[in-house]
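Here is a friendly briefing to read alongside the model. Keep the viewer open and follow the topics one by one.

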Amino acid sequence: MHYLAVLGNPIVHSRSPEIHQNFARQFGIRLDYQKVLVPHDGLGHALKTLQDQGALGCNITVPFKSDAATRCDQVTEEAQELGVVNTLVFQSNGQILGHNTDGKGLIMDLLEHQRVTLANKRILLLGIGGAGRGIVPALLSQGPATLDIWNRTSAAATDYALAMKGAVSAPSKDTFLEAYDLVLNATAAGLSGATPDLPGRVIGTDTFCYDLSYGPRPTPFLAWASSQGTNHLSDGFGMLVAQAAFAFEIWFGVRPDVRRALSELKTSS
Ligand code: NAP
């Protein structure tokens, strides 16, 4: 039996255990995958406990992706550039290796499942926490016309844009004058039932709105986007399953069938 876990706070909403159990069944792998609620100052202790229990590794979710990156002994080149990790491997020598699969997961969902292309599109990204940072290079790799970033704490967005040397912009929301082609919500606002405080004019009838958050009902952001007149909407469940498939491949060396998992998990939710 292999042991894995997802660490976060809050964690009750996470569907990672059932996703990884679905993948494990695809390959006849016996897996124990647990959700672990970690106190805000408790990541180091939680990681040590999992290592002592013989876990293969873990997933990291809100709000620990930056903290986890600093606790790795090694990170992949991609994760090093991002400064955030979502997948850890506990090596037999006691070292922790960090990866980030969020960007690849998002792009797979947008391109293959949503049939949304990003080349030459005007994109607005909401939130530059762990998830936002994890997806920016993947978005840029698709050649958008522009990538604007808004964050509730505006200094985080302007500092990030400065560090990215012009590859992205961080306009103030007063300067948002017209609709974007794609608006991605990578804030944690929905976890408390809130919506980012934005002018409705960023959404037009053709704007594709994607919320990295997910749930049994439309998320607050998608409900708000719909009320602004678009019906091009998706939550982040497809990204969740796709990024999990890349993590599973890191742990077990086999890539699960994401479409099959998506159809089985959607019907069972
Ligand atoms: P995080 O590192 O804690 O960052 C939180 C972000 O949300 C920050 O930008 C924060 O802004 C912003 N925020 C929090 N409350 C807000 C509010 N009421 N209004 C506006 N902005 C608010 O969390 P994270 O790891 O980036 O995760 C963010 C979300 O993405 C979570 O809901 C997570 O479940 C989801 N996610 C989904 C997937 C997937 O596979 N579908 C993958 C990764 C993440 P400040 O800087 O102002 O605090």
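The centres of domain 1 and domain 2, taken over C-alpha atoms, are 24 Å apart. Domain 1 covers residues 2-100 + 240-268, and domain 2 covers 103-235, with bounds that come from an automatic or database domain assignment. This is a predicted model: local features need pLDDT of at least 70, side-chain atom pairs count only at pLDDT 80 or more, and totals for chains, interfaces and linings use all residues. Residues are numbered from 1 along each chain as its sequence is written, and side-chain values use heavy atoms, with hydrogens and water left out.

- Domain 1 brings 18 residues to the contact and domain 2 brings 15, where contact means heavy atoms within 4.5 Å.
- About 1,400 Å² is buried between domain 1 and domain 2, and carbon and sulfur atoms give 71% of that area. Buried area here is the accessible area (1.4 Å probe) that two parts lose on being put together, summed over both.
- Leu 82, Phe 246 and Arg 259 supply 33% of the area that domain 1 buries against domain 2, more than any other three residues.
- Between the two domains there are zero salt bridges, a salt bridge being a side-chain nitrogen of Lys or Arg within 4 Å of a carboxyl oxygen of Asp or Glu.
- Two residue pairs are in polar contact between domain 1 and domain 2, both at pLDDT 80 or more. A polar contact is a pair of N or O atoms within 3.5 Å; within protein, one must be able to donate a hydrogen and the other to accept it, and residues adjacent in sequence count only if both atoms are side-chain atoms.

**The domain 1 side of the contact**

- The elements giving two or more residues to this side are α4 (77-82), α9 (237-252) and α10 (258-268). Helices (H or I, at least four residues) and strands (E, at least two) are DSSP runs, numbered from the N terminus.
- Helix α9 makes the largest contribution to this side, with four residues.
- By class, this side has nine nonpolar, four polar and five charged residues. Ala, Val, Leu, Ile, Met, Phe, Trp, Tyr, Cys and Pro count as nonpolar, Asp, Glu, Lys and Arg as charged, and the others, Gly among them, as polar.

**Around the ligand**

- The ligand is surrounded by 23 residues, and the closest are Gly 130, Ala 131, Asn 151, Thr 153 and Leu 212; a residue counts if one of its heavy atoms lies within 4 Å of the ligand.
- A polar backbone atom of Gly 130 lies 2.8 Å from an oxygen atom of the ligand.
- An oxygen atom of the ligand is 2.7 Å from a backbone N or O atom of Ala 131.
- A polar backbone atom of Leu 212 is 2.8 Å from a nitrogen atom of the ligand.

**Salt bridges**

- The whole structure holds eight salt bridges.
- One of them joins Asp 52 and Lys 48, with the closest N and O atoms 3.0 Å apart. Both residues lie in helix α2 (residues 43-52), four residues apart, about one turn of the helix.

**Backbone details**

- The peptide bond from Asn 9 to Pro 10 is cis, with omega near 5°, and Pro 10 sits in the loop between β1 (2-8) and α1 (16-27).
- Val 62 and Pro 63 are also joined by a cis peptide bond, with omega about 0°; Pro 63 is in the loop between β3 (57-60) and α3 (65-70).
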